[in-house]
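Subject: Structure handover

Hello,

Here is the structure I promised to pass on. Please open it alongside this email, and my notes follow below.

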Amino acid sequence: MKNFLSSLGCALFLLSPSVGQAFTLANGVQVNAVSDTVFEVVPRSSGTVEEFWCGASEYARRVLGADWRDPIYVLRGRGESVTTGKRSAVQFTLSADQVAGLGADRGWFTFGIRPGDSMSVQQARTYCSQRPIRP
């Protein structure tokens with residue numbers, strides 16, 4: 001019995017994700033920690049605004065334990081991933097101090113994702129359920 005429990009414990013340890021592994025959504029979008037306060041969303045292809053915000057919301061909520069009302073900030077807009085080398089990634093943070101002075105208020109309607117943009121975890125989560133309309 002002692003050997004069985006030891007084997008079971010080892011198997012569970014090996015199957016559990018390590019701290020350095022990416023958080024991956026069902027649609028293949030990866031979210032990787034860049035530092036203790038910065039994470040980047042890396043889509044499978046070039047990525048859509050919806051994929052970036054959805055990925056940021058899911059990571060903030062599930063991995064970082066953010067509250068639904070906590071703001072998510074864009075630290076760096078679309079660019080090369082520092083964790084995977086892919087051409088398209090966006091970096092986010094939950095820290096307002098890191099984005100202070102990055103972007104002026106551009107109103108509630110903007111195209112793309114720019115440094116300084118923000119929305120709540122709950123608002124960003126709404127992008128996860130959007131489906132394209134097909135004729």
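Which residue forms a disulfide with C54, and how many Å apart are their sulfur atoms? The partner is C128, and the two sulfur atoms lie 2.0 Å apart. Keep in mind that this is a predicted model.

**The disulfide**

The structure holds one disulfide. C54 sits in helix α2, while C128 sits in the segment after α4. The pair therefore ties together parts that are 74 residues apart in sequence. The angle about the S-S bond is 110°, and the link of C54 and C128 is right-handed. Buried or exposed, these two cysteines? Both C54 and C128 are buried.

**The overall layout**

The protein has 135 residues. It contains four helices and six strands. Along the sequence they follow the pattern α-β-β-β-α-β-β-α-β-α. Buried residues make up 31% of the protein. The exposed surface comes to about 9,000 Å², with 55% of it supplied by carbon and sulfur atoms. Now take the contacts between residues at least 6 apart in sequence. Of these, 58% join residues at least 24 apart.

**The core**

In soluble globular proteins, nonpolar side chains tend to be buried together. Here, the largest nonpolar core has 22 residues. Which of them touch the most other members? They are V31, F39, V41, W53, I72 and F92. Several elements each supply at least two residues of this core: β3 (38-42), α2 (49-62), β4 (71-79), β5 (89-93) and α4 (121-125). Helix α2 gives the most, with six residues.

Leave aside its neighbours within four places in sequence, and F92 is in contact with T37, V38, F39, V41, F52, W53, A56, I72, Y73, V74 and L75.

**The aromatic pairs**

How many aromatic pairs does a search of the whole structure find? It finds four. Two of them are described here.

One is F23 with Y59. Their ring centres are 5.9 Å apart, with 70° between the planes, and the pair is edge-to-face. F23 lies in strand β1 (residues 23-24) and Y59 in helix α2, so the pair ties together parts that are 36 residues apart in sequence. Both F23 and Y59 are buried.

Another is F39 with F92. Why does this pair count as stacked? The planes of the two rings are at 20°, and planes under 30 degrees apart count as stacked. The ring centres of F39 and F92 are 5.9 Å apart. F39 lies in strand β3 and F92 in strand β5, so this pair ties together parts that are 53 residues apart in sequence. F39 is buried, and F92 is buried too.

Ring pairs also link residues into a cluster. Its members are F23, F39, W53, Y59 and F92.

Start with S81. Where is it? S81 is in the loop between β4 and β5. Why does S81 count as buried? Its relative accessibility is 4%, and buried means under 20%. The side chain of S81 makes a polar contact with the side chain of E40, at 2.5 Å. Apart from neighbours within four places in sequence, S81 is in contact with E40, V42, R76, K86 and A89.

Next is V29. This residue is found in the loop between β1 and β2 (30-33). V29 is buried, with a relative accessible area of 1%. Setting aside neighbours within four places in sequence, V29 is in contact with F23, T24, V41, V42, P43 and E51. V29 and C54 are 25 residues apart along the chain, and their C-alpha atoms are separated by 9.2 Å.

Buried or exposed? A100 counts as exposed, at 59% relative accessibility. A100 is found in the loop between α3 (96-99) and β6 (118-120). A100 and G116 are 16 residues apart in sequence, and their C-alpha atoms are 7.6 Å apart in space.

Best wishes

Notes:
Residues numbered from 1 in each chain as written. Predicted model: local features only at pLDDT ≥ 70, side-chain atom pairs only at ≥ 80, totals over all residues. Heavy atoms only, no water. Buried < 20%, exposed > 50% of the residue type's maximum accessible area, 1.4 Å probe, protein only. Contact = heavy atoms within 4.5 Å. Areas by Shrake-Rupley, 256 points an atom, 1.4 Å probe, with all protein chains shown as cover. Core = buried A, V, L, I, M, F, W, Y, C linked by side-chain atoms within 4.5 Å. Disulfide = S-S within 2.5 Å. Phe/Tyr/Trp six-rings, centres within 6.5 Å; stacked < 30°, edge-to-face > 60°. Polar contact = N/O pair within 3.5 Å; in protein donor to acceptor, adjacent residues only side chain to side chain.
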